[in-house]
Amino acid sequence: MYSLVRPLLFSLDAETAHELTLGLLKTIQKRPFVLKLIKSIYRPGQWNDPVEVAGLRFPNRVGLAAGLDKNALVPDVWAALGFGFAELGTVTPLPQPGNPRPRLFRLPQDKALINRMGFNNRGADVAAERLRQRRSRDMILGANVGKNKDTPPQRAAQDYGRGVRALADVADYFTVNVSSPNTPGLRSLQQRDALVDILKTVLETLQELGMPKPVFVKLAPDLSDTAVDEVTDVCMELGCAGLVATNTTLDRSGLRTPADLLARIGEGGLSGAPLHARSTAIVERIRHRADRRLAIIASGGILTPRHAIDKIRAGADLVQLYTGLIYQGPALIAAVKKALRDAA
Ligand SMILES: Cc1cc2nc3c(=O)[nH]c(=O)nc-3n(C[C@H](O)[C@H](O)[C@H](O)COP(=O)(O)O)c2cc1C
């Protein structure tokens, strides 16, 4: 079915297609009989293979990556499509518009995207309110938190604490996003002192609320190996649940897309197929260093079931999809679930 819809979506500007799709999914979510129809097509329970990770029971290992549903608009649709978990956000404490458009671009020759959205979102409270109304309870829900663009780095920890406080009663786990390339200075928060400050605030906030939920840190694929080790060590020292590896990359090497087109697109994070190898190598490195002390959610370049198997073999516990959904459609979810179950 998606092969019929895709040419239409690809004929539109990428963000317009994204908005149109989310609008349609919102309509689906509001009508129980349509949601039921979606379930009868996608059979969300099929190929489920429950697994316990970070103390949570995931119905299967395949999740939605952050950024596709930044405002937690359609959690029940993600469950109906068969995801075992969905990571919503990134949300910031205050609403913000993000960068000027155009800010999302397709690179079909590379099965990739470039985005510089810049955390456009309606704020943590709006997302939390929506999530209080969700119906499906069988899917695990992650909340990905970030900082507002205008918050100076020395006050970053407060922003993460505020996001977690707003969403503590609705999220099953949290991801601290310090790896988006589109908020100036954000990635420097991966350095030890800044990261310790943020994670202590987040973990203390959850303790204070009496809701000690698993906390993950999302890494940039452009970190040096030493920096990856350092973040891994900080996570273990402070009692984080694990890492999400990885976010998008600034690297443009080896792309088929012509250089002049890349120059016209400009800055942003690259996702999709070209990210797979580096991202998988990071998963492997973390698993080697942390052994079983941290859980790993793999994100980056899963365009086929085979890519997902690579991630699990490299040491990931769970996988997430974003760009693969844009190129392959929602049938990719069941295909990955089946492949992972068969390969287990
Ligand atoms: C348009 C777009 C927006 C994104 N926004 C976010 C975000 O808000 N927070 C985040 O942690 N990751 C964000 N990401 C990164 C994805 O969650 C994912 O880590 C990355 O795209 C690599 O996976 P993929 O190759 O399967 O897309 C975004 C990615 C894209 C393509």
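A residue counts as buried if 20 or more other C-beta atoms lie within 10 Å of its own C-beta atom. The views below all show a predicted model.

**Figure 1. Ala72, a buried residue with a positive phi**. Ala72 has 28 C-beta neighbours inside 10 Å, so the residue counts as buried. Ala72 sits in the loop that runs between β3 (62-64) and α4 (75-80). Phi of Ala72 is about 55 degrees, a positive value, although the residue is not a glycine. Most residues other than glycine have a negative phi.

**Figure 2. Arg43, a partly exposed residue with a positive phi**. The loop between α3 (32-42) and β1 (51-53) holds Arg43. Arg43 is not a glycine, yet its phi is positive, near 40 degrees. Around Arg43 there are 14 other C-beta atoms within 10 Å, so this residue is partly exposed.

**Figure 3. Two cis peptide bonds, Gly89 to Thr90 and Ala245 to Thr246**. Most peptide bonds are trans. The bond from Gly89 to Thr90 is cis, with omega near 10 degrees. Thr90 belongs to strand β4 (residues 85-91). The bond from Ala245 to Thr246 is also cis, and its omega is near 10 degrees. Thr246 lies in a loop, between β10 (242-245) and α9 (259-265).

**Figure 4. The shell around the ligand**. Which residues come nearest to the ligand? They are Ala65, Gly67, Ser271, Tyr322 and Thr323, out of 27 residues around the ligand. Three elements each supply at least two residues of the shell: β6 (112-115), β11 (269-272) and α12 (323-328). By class, the shell has 15 polar, 10 nonpolar and 2 charged residues.

**Figure 5. Gln328 of α12 and its distance to Leu303**. Gln328 is part of helix α12. Is Gln328 buried or exposed? Gln328 counts as buried, because 21 C-beta neighbours lie inside 10 Å. Gln328 and Leu303 are 25 residues apart in sequence. In space, their C-alpha atoms are 7.2 Å apart.

**Figure 6. Thr27 of α2 and its distance to Leu303**. Thr27 is found in helix α2 (residues 14-30). Thr27 has 12 C-beta neighbours inside 10 Å, so the residue counts as exposed. Thr27 and Leu303 are 276 residues apart in sequence. From C-alpha to C-alpha, Thr27 and Leu303 are 27 Å apart in space.

**Figure 7. Helix α10 against helix α11**. Two packed helices are described by the angle between their axes and the distance between the axes. The axes of α10 (residues 276-290) and α11 (residues 305-314) come within 8 Å. They cross at roughly 20 degrees. Angles under 35 degrees count as roughly parallel, so α10 is roughly parallel to α11. The crossing of α10 past α11 is right-handed. From α10, the contact takes in His276, Thr280, Val283, Glu284 and Arg287. From α11, it takes in His307, Asp310, Lys311 and Ala314. By class, this contact of α10 with α11 has 4 charged, 3 polar and 2 nonpolar residues.

**Figure 8. Helix α8 against helix α10**. How are α8 and α10 set to each other? The axes of α8 (residues 225-238) and α10 cross at roughly 50 degrees and come within 10 Å. The two helices are therefore oblique to each other. α8 and α10 make a right-handed crossing. On the α8 side, the contact residues are Asp225, Val228, Asp229, Thr232 and Met236. On the α10 side, they are Ile282, Arg285, Ile286, Arg289 and Ala290. The contact of α8 with α10 has 5 nonpolar, 4 charged and 1 polar residues by class.

**Figure 9. Helix α5 against helix α6**. The axes of α5 (residues 124-132) and α6 (residues 156-167) come within 8 Å, with a crossing angle of roughly 20 degrees. α5 and α6 are therefore roughly parallel to each other. α5 passes α6 in a right-handed crossing. Ala124, Asp125, Ala127 and Ala128 are the contact residues of α5. In α6 they meet Arg162, Gly163, Ala166 and Leu167. The contact of α5 with α6 has, by class, 5 nonpolar, 2 charged and 1 polar residues.

Methods. Residues are numbered from 1 along each chain as its sequence is written. This is a predicted model: local features need pLDDT of at least 70, side-chain atom pairs count only at pLDDT 80 or more; totals for chains, interfaces and linings use all residues. A residue is near a molecule or strand if its C-beta atom, placed from the backbone, lies within 6 Å of it. Helices (H or I, at least four residues) and strands (E, at least two) are DSSP runs, numbered from the N terminus. Ala, Val, Leu, Ile, Met, Phe, Trp, Tyr, Cys and Pro count as nonpolar, Asp, Glu, Lys and Arg as charged, and the others, Gly among them, as polar. Axes are lines fitted to C-alpha atoms, for helices over the stretch in contact, and angles run from 0 to 180 degrees between N-to-C directions. Angles under 35 degrees count as roughly parallel, over 145 as roughly antiparallel, 65 to 115 as roughly perpendicular and the rest as oblique. A crossing is left-handed if the near helix is turned anticlockwise from the far one by less than a right angle, and right-handed if clockwise. Two residues are in contact if their C-beta atoms, placed from the backbone, lie within 7 Å.
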